Amino acid sequence: MFFSKKLKRFKNINHYFFSRKNGYSSGCYESLNCGSGSSDSKENVFKNLKIVSQRIGCKNESLITLNQIHSNKVIYFEKESSLKNKVTGDAIITKIKNIGLGILAADCAPILLYNPKKNIIGGIHSGWKGALNGIIKNTFEKLNEINSKNSDLIVVIGPCIKKENYKVKIDFYDKFMSKNQKNKCFFEKINRDSYFFDLRGFINNEISSLNVKNIENIDMDTYSNEENFFSYRRSKIRKEKDYGRCISVILMT
């Protein structure tokens, strides 16, 4: 498990960037696989999520995760009566206490956030597609709608794939260039047809451009650190049948 120094200062906030360790799953899912969308045993995933709930300090049914689809859709739970697990979206926000908000990832960036002035917590699942299509911007716009100022936020970007392990093709590069030519700075050319892409740098830039001053990075590479993290890309390169998902959770008491 890994922590944010900034979030640990607040006694009413529990949070963890969970590693893949100390769970029930085996094989390519070893061992704390929290991805119910994987082909892992549902019983093992349920037991792993129970471990997470106990550690974060909430009931099993109060650990809320999303049906993540790399979208720009933001879910806001205003009242306990509106809470629902596995709603489709890629960001989640609430003011409700004792509810764990979980973000699943395996190379994409899990982002946790907290506004201590308004007592609002949230989580974002941000891979390249969600980031490019506005999941970060949409999340902060939703926060603004519920009277949260970006300048009051603490935003923590968790472990994700590093630039040197994120090789992409020219069509990927062109998608970013068509949005904004300034995105060129997040790419390092390898040859005529391929580049390295800096996902963390792109995400940081997106957040900074929205007047967020208080940003922290858990700067760890999910691809190379096999001991601690699942990796979609590593799994695909090895031609493994599937891959596990790590979970990052924030809860407000």
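Visitor: Is Arg200 buried or exposed in this model?
Guide: This is a predicted model, in which local features need pLDDT of at least 70 and side-chain atom pairs count only at pLDDT 80 or more, while totals for chains, interfaces and linings use all residues. Residues are numbered from 1 along each chain as its sequence is written, and side-chain values use heavy atoms, with hydrogens and water left out. Relative accessible area, taken with a 1.4 Å probe and protein chains only, sorts residues into buried (under 20%), exposed (over 50%) and partly exposed (in between). Because Arg200 has a relative accessibility of 10%, Arg200 counts as buried.

Visitor: Which residue forms a salt bridge with Arg200?
Guide: A salt bridge here is a side-chain nitrogen of Lys or Arg within 4 Å of a carboxyl oxygen of Asp or Glu. For Arg200 the closest N and O atoms of such a pair are 3.4 Å apart, and the partner is Asp219.

Visitor: How many residues apart in sequence are the parts that Arg200 and Asp219 tie together?
Guide: Helices (DSSP runs of H or I, at least four residues) and strands (runs of E, at least two) are numbered from the N terminus. Asp219, at 47% relative accessibility, counts as partly exposed. Arg200 lies in helix α5 (residues 199–208) and Asp219 in the loop between β13 (214–217) and α6 (232–237), so the parts that this pair ties together are apart in sequence by 19 residues.

Visitor: Why are Lys142 and Glu145 separated by about one helical turn, and in which helix do they sit?
Guide: The side chains of Lys142 and Glu145 meet in a salt bridge, with 3.1 Å from N to O. Lys142 is partly exposed at a relative accessible area of 23%, whereas Glu145 is exposed at 59%. The separation is about one helical turn because the two residues are three residues apart in residues 135–145, which form helix α3.

Visitor: Which residues are linked with Arg238 in a network of salt bridges?
Guide: The side chains of Arg238 and Glu240 meet in a salt bridge of 3.8 Å, N to O. Arg238 counts as partly exposed at 42% relative accessibility, and Glu240 counts as partly exposed at 32%. The network that includes Arg238 links it with Glu240 and Glu226.

Visitor: How many salt bridges does a search of the whole structure find?
Guide: Side chains of opposite charge can pair when their charged atoms come close. Among the pairs found here is Lys142 with Glu145, and another is Arg200 with Asp219. For the whole structure, the number of salt bridges found is nine.

Visitor: Where is Ile103 found, and which residues is Ile103 in contact with?
Guide: Ile103 is found in strand β6, residues 100–105, and at 1% relative accessibility Ile103 counts as buried. Contact means heavy atoms within 4.5 Å. Leaving aside neighbours within four places in sequence, Ile103 is in contact with Gln68, Ile92, Pro110, Gly123, Ile124, His125, Cys246, Ile247 and Ser248.

Visitor: What percentage of the 253 residues of the protein chain count as buried?
Guide: The secondary structure of the protein chain comes to six helices and 14 strands. Among contacts between residues at least 6 apart in sequence, 63% join residues at least 24 apart. Of the 253 residues of the protein chain, the share that count as buried is 53%.
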